[in-house]
Amino acid sequence: MSQRSPIVEYADALTRELSFDVALSRRVRAEVEDHLWEAADNRPTGATPEAQRLVIASFGDPRELARQYVAAALLGQIRQVGAIVIFVLLGIFAAMKGRVAWYGLMQWQANRDWSTVSAIGLSIDRYAFMLAFCIALISCGYIATRRIPVRFDPGYSKELNRCVFLCAAAAGALLLVVVTETILTGIRLSAVQWDGNAAVPALSLATEIAGAWLLLRQIQTAVRRKAAAWLLFP
Amino acid sequence: MEGEILKGHLDMIVLAALAGAPAHGYGVIQEIRHRSGGAFDLPEGTVYPALHRLEKSGLLTSRWAIAESGRKRRVYSVTRHGRKALLNHRANWERFAGAIGSLFGATGHVPA
């Protein structure tokens, strides 16, 4: 049975410690392995197992190293969520405006049987969108002004929690918009004949739902990563 | 030099080491060791999170390259924003060093 080299074992351990972010762990592993092999090759004895152990000893503990990546990795993830909040918000706005323009072009009238529900729905839709817009702006402003600290500490953890909370609040308001839009579009389409023309608002609605799903998945990933990273700090 | 003091200035040290030419992590460590005359002997692993943090902050940019050994390696270079940050670090450091120098110069001795 072939024995694994100390450098490979160290790289495995580091990959495990960085498992809260798979892409980061792959990148760091490649970088660190390159470093350790180069350092071992440059020793007078060459990259013997003993030389590899010496190089690893001067590199540092894998958990301690992983901890130093946490702050930047989590903020990077949160920034991505913030960008997706804005992207989804703009996408939903474009889809809403596009649908209204399409209704006008097709000269589709509102379903009179559901006029009260439609009126209430429109109000909820409008205010929920305005709320989502305001929270999204605050979230992005807050996230953009965070700086990456050298060490991940409880104070910074709280800041990240606030970022996630703001993004989740914006996502909640956007979800309400999408639900309302689904009901309103359903009411509108119930009064028209189902053909190719009806597929346009249905597809735009599907895009909104996909955007909201993507946003929720990103928030879920951010929360999971933070929880997994937190385990590095017993 | 004390590790904690070095860690406090790690960003400035890494930026300064990269200001001359792009380099990979191992090259950055060698450059720091060489230019400091061996005084800055950092735990080698600490440089990589610093490089990652500086890149996320927009002060460095990086790309994958293939080394002569055939291994993949990440090569870092300083951005324009990074050069500005380095100038600020340098100005702050010179003010600080000047102030400490004046303090020692005024007392003429270091208390035991």
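**Figure 1. A salt bridge between Asp12(A) and Arg4(A).** In this predicted model, the side chains of Asp12(A) and Arg4(A) form a salt bridge, with 2.0 Å from N to O. Asp12(A) has a relative accessibility of 17% and counts as buried, because the cut-off for buried is under 20%. Arg4(A), at 45%, counts as partly exposed. Side chains of opposite charge can pair when their charged atoms come close. Over all chains, the rule counts 22 salt bridges.

**Figure 2. A salt bridge between Glu38(A) and Arg73(B).** The side chains of Glu38(A) and Arg73(B) meet at 2.8 Å, N to O, in a salt bridge. This pair crosses between chains: Glu38(A) belongs to helix α2 (residues 22-41) of chain A, and Arg73(B) belongs to strand β3 of chain B. Are the two residues buried or exposed? Both Glu38(A) and Arg73(B) are buried.

Figure 3. Arg99(A) and Glu208(A) are joined through their side chains by a salt bridge of 2.8 Å, N to O. Arg99(A) and Glu208(A) are both buried. Elsewhere, salt bridges with shared partners link Asp34(A), Glu38(A), Asp41(A), Arg71(B) and Arg73(B) into one network.

**Figure 4. The two domains of chain A.** Chain A is divided into domain 1, residues 6-60, and domain 2, residues 69-230. Five residues from domain 1 of chain A and six residues from domain 2 of chain A take part in the contact. The centres of the two domains, taken over C-alpha atoms, are separated by 42 Å. Between them, domain 1 and domain 2 of chain A bury about 550 Å², and 74% of this area is on carbon and sulfur atoms. How many salt bridges does the rule find across the interface of these domains? The rule finds one salt bridge there. One residue pair is in polar contact between domain 1 and domain 2 of chain A, with both residues at pLDDT 80 or more.

Figure 5. Asp21(A) is placed in the loop between α1 (6-17) and α2 of chain A. With a relative accessibility of 9%, Asp21(A) counts as buried, because buried means under 20%. The side chain of Asp21(A) forms a salt bridge with that of Arg225(A), at 3.5 Å from N to O. A polar atom of the Asp21(A) side chain also lies 3.1 Å from the backbone nitrogen of Leu24(A). When neighbours within four places in sequence are left aside, Asp21(A) is in contact with Ala73(A) and Arg225(A).

**Figure 6. Gln107(A), a residue with a positive phi.** Gln107(A) has a phi near 55°, which is positive although the residue is not glycine. Most residues other than glycine have a negative phi. Where in chain A is Gln107(A)? Gln107(A) is in the loop between α4 (62-106) and α5 (115-144) of chain A. Its relative accessible area is 64%, and Gln107(A) is exposed, because exposed means over 50%.

**Figure 7. The strands of chain B.** Chain B has five helices and three strands. Counted from the N terminus, its elements follow the order α-α-β-α-α-β-β-α. Strand β2 (residues 60-66) and strand β3 of chain B run antiparallel and are joined by seven bridges. Ile66(B) has Lys72(B) in β3(B) as its bridge partner. Five residues lie between the strands of the hairpin of β2(B) and β3(B), where Gly70(B) takes a positive phi near 95°. Strand β1 (residues 23-24) of chain B also pairs with β3(B), in the antiparallel sense and over two bridges. In this pairing, Ala23(B) stands opposite Tyr76(B) of β3(B).

Figure 8. Strand β3 (residues 72-78) of chain B is mostly covered, with five of its seven residues buried. In a regular strand the side chains alternate between the two faces of the sheet. Chain B has 112 residues, and 38% of them count as buried. Among contacts in chain B with a separation of 6 or more, 47% are between residues 24 or more positions apart.

Notes
Residues are numbered from 1 along each chain as its sequence is written. Chains are lettered from A and ligands numbered from 1 in the order in which they are written. This is a predicted model: local features need pLDDT of at least 70, side-chain atom pairs count only at pLDDT 80 or more; totals for chains, interfaces and linings use all residues. Side-chain values use heavy atoms; hydrogens and water are left out. Buried means under 20% relative accessible area, exposed over 50%, partly exposed in between (1.4 Å probe, protein chains only). Helices (H or I, at least four residues) and strands (E, at least two) are DSSP runs, numbered from the N terminus. Two strands pair if DSSP finds at least two bridges between them. Domain bounds come from an automatic or database domain assignment. Contact means heavy atoms within 4.5 Å. Buried area is the accessible area (1.4 Å probe) that two parts lose on being put together, summed over both. A salt bridge is a side-chain nitrogen of Lys or Arg within 4 Å of a carboxyl oxygen of Asp or Glu. A polar contact is a pair of N or O atoms within 3.5 Å; within protein, one must be able to donate a hydrogen and the other to accept it, and residues adjacent in sequence count only if both atoms are side-chain atoms.
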